[in-house]
Amino acid sequence: MRRLAFLLVYIGLTAGVKFSIRSANLVKEHGVEYEQLLSYDPENDILKVEVPPHLDVLGSTTIFDKRQNLQIVYVPAHEYCKIEDFEDDFDPAQMMRTSIDYQLNKEVFRPEAARDVYRVDMNTPLRDHEINQLPDYIQEFCKGKKMNRVQSLRVSKEDFYNSTAMFLFPNRRNQQQQSRRKRQSPFLPLCGDSATLCTRKPDWGYRCLWKLVRTEGATVQELDHVRDMNLSCVQCCIDSGGKKYSQMTGMCKCELITNREEFMGCYPNDGDRFRTT
């Protein structure tokens with residue numbers, strides 16, 4: 001059985017964030033052993049989790065900030081940070097306490113004892129003013145890296161590993177957009193709504209994380225083995241009828257993009273409309 005050495009890369013955190021409590025949990029997975037490292041700041045209730053690259057999984061560092069309602073993931077292999085909302089069922093302090101218990105009792109994280117969770121991520125690049133609104137330590141943590149806001153979708157194991165699977169994220173419209181839609185002529189080929197249609201980016205690999213989460217109606221915590229990957233996405237028109245391409249909106253129609261070739265060929269002459277995330 002191979003034991004992976006974990007090269008810890010120091011990433012500076014400022015603005016009073018001090019990780020004073022640390023632990024290391026041994027993971028045994030498909031003939032490979034590695035350690036998931038945890039660091040905790042009890043004053044600010046911030047948890048950092050570091051997972052080394054192993055098997056076909058990318059290494060990553062994840063920060064959970066409950067007070068700021070933020071979760072940040074840094075992937076060194078691709079030099080990007082993804083920012084998403086904090087998950088309600090996760091307690092950083094409890095995760096730290098349980099991790100220490102596991103370490104002291106020499107318990108091991110194993111796939112057969114965990115619930116598998118599969119997620120796919122749609123990334124939207126953060127604008128400068130959005131980055132400036134983030135806490136100082138996150139700006140420092142992600143300095144010089146691509147920064148994306150993430151919308152995640154939980155999927156089945158089959159869809160996660162299916163290279164031809166597609167995922168639809170309906171776009172949110174503000175009140176001004178809704179009002180403008182009502183004033184449009186009923187005789188024009190309307191785009192009822194827009195959405196983001198995505199497919200896998202297998203060349204970017206995927207990430208994993210071992211999490212202890214509280215199950216609904218229970219006092220105990222459950223071990224989750226979370227896997228997630230990035231997607232490639234295009235904007236498309238839904239609930240519109242008619243031909244494949246909506247001349248009015250300038251978008252392909254979601255329901256008529258059914259395979260990877262149609263996805264890649266949706267906007268062959270317009271690089272601005274095709275976005276890989």
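The model is predicted. The salt bridges come to 12. Eight residues, Lys 82, Glu 84, Glu 87, Arg 119, Asp 121, Arg 207, Lys 211 and Asp 228, are linked in a network of them.

**Strand pairing around strand 10**

- Strand 10 spans residues 146-155 and pairs with strand 8, residues 80-85, in the parallel sense.
- That pairing runs over 4 bridges.
- Strand 9, residues 115-125, runs antiparallel to strand 10.
- These two strands are joined by 8 bridges.
- Arg 149 of strand 10 is the bridge partner of Ile 83.
- Arg 149 also has Thr 124 standing opposite.

- Helix 3 covers residues 136-141 and includes Phe 141.
- Phe 141 has a relative accessible area of 1%, under the 20% cut-off, so the residue counts as buried.
- Phe 141 and Ile 63 are 78 residues apart along the chain, and their C-alpha atoms are separated by 9.9 Å.

**Salt bridge Glu 87 to Arg 119**

- The side chains of Glu 87 and Arg 119 meet in a salt bridge, at 2.8 Å from N to O.
- This pair links distant parts of the chain, 32 residues apart.
- Glu 87 sits in the loop between strand 8 and helix 1 (92-104), while Arg 119 is in strand 9.
- Glu 87 is partly exposed at 23% relative accessibility, whereas Arg 119 is buried at 10%.
- Both residues belong to the network.

**Salt bridge Arg 115 to Asp 224**

- Arg 115 and Asp 224 form a salt bridge through their side chains, at 2.8 Å from N to O.
- Arg 115 lies in strand 9 and Asp 224 in strand 14 (residues 221-238), so the pair ties together parts 109 residues apart in sequence.
- Arg 115 is partly exposed, with 31% relative accessibility.
- Asp 224 is buried, with 5% relative accessibility.

**Salt bridge Arg 207 to Asp 121**

- Arg 207 forms a salt bridge with Asp 121, and the closest N and O atoms are 3.3 Å apart.
- Arg 207 belongs to strand 13 (residues 206-214) and Asp 121 to strand 9, so this bridge ties together parts 86 residues apart in sequence.
- Arg 207 and Asp 121 are both buried.
- The network includes Arg 207 and Asp 121.

Note on methods:
Residues numbered from 1 in each chain as written. Predicted model: local features only at pLDDT ≥ 70, side-chain atom pairs only at ≥ 80, totals over all residues. Heavy atoms only, no water. Pairing = 2+ DSSP bridges. Buried < 20%, exposed > 50% of the residue type's maximum accessible area, 1.4 Å probe, protein only. Salt bridge = Lys/Arg side-chain N within 4 Å of Asp/Glu carboxyl O.
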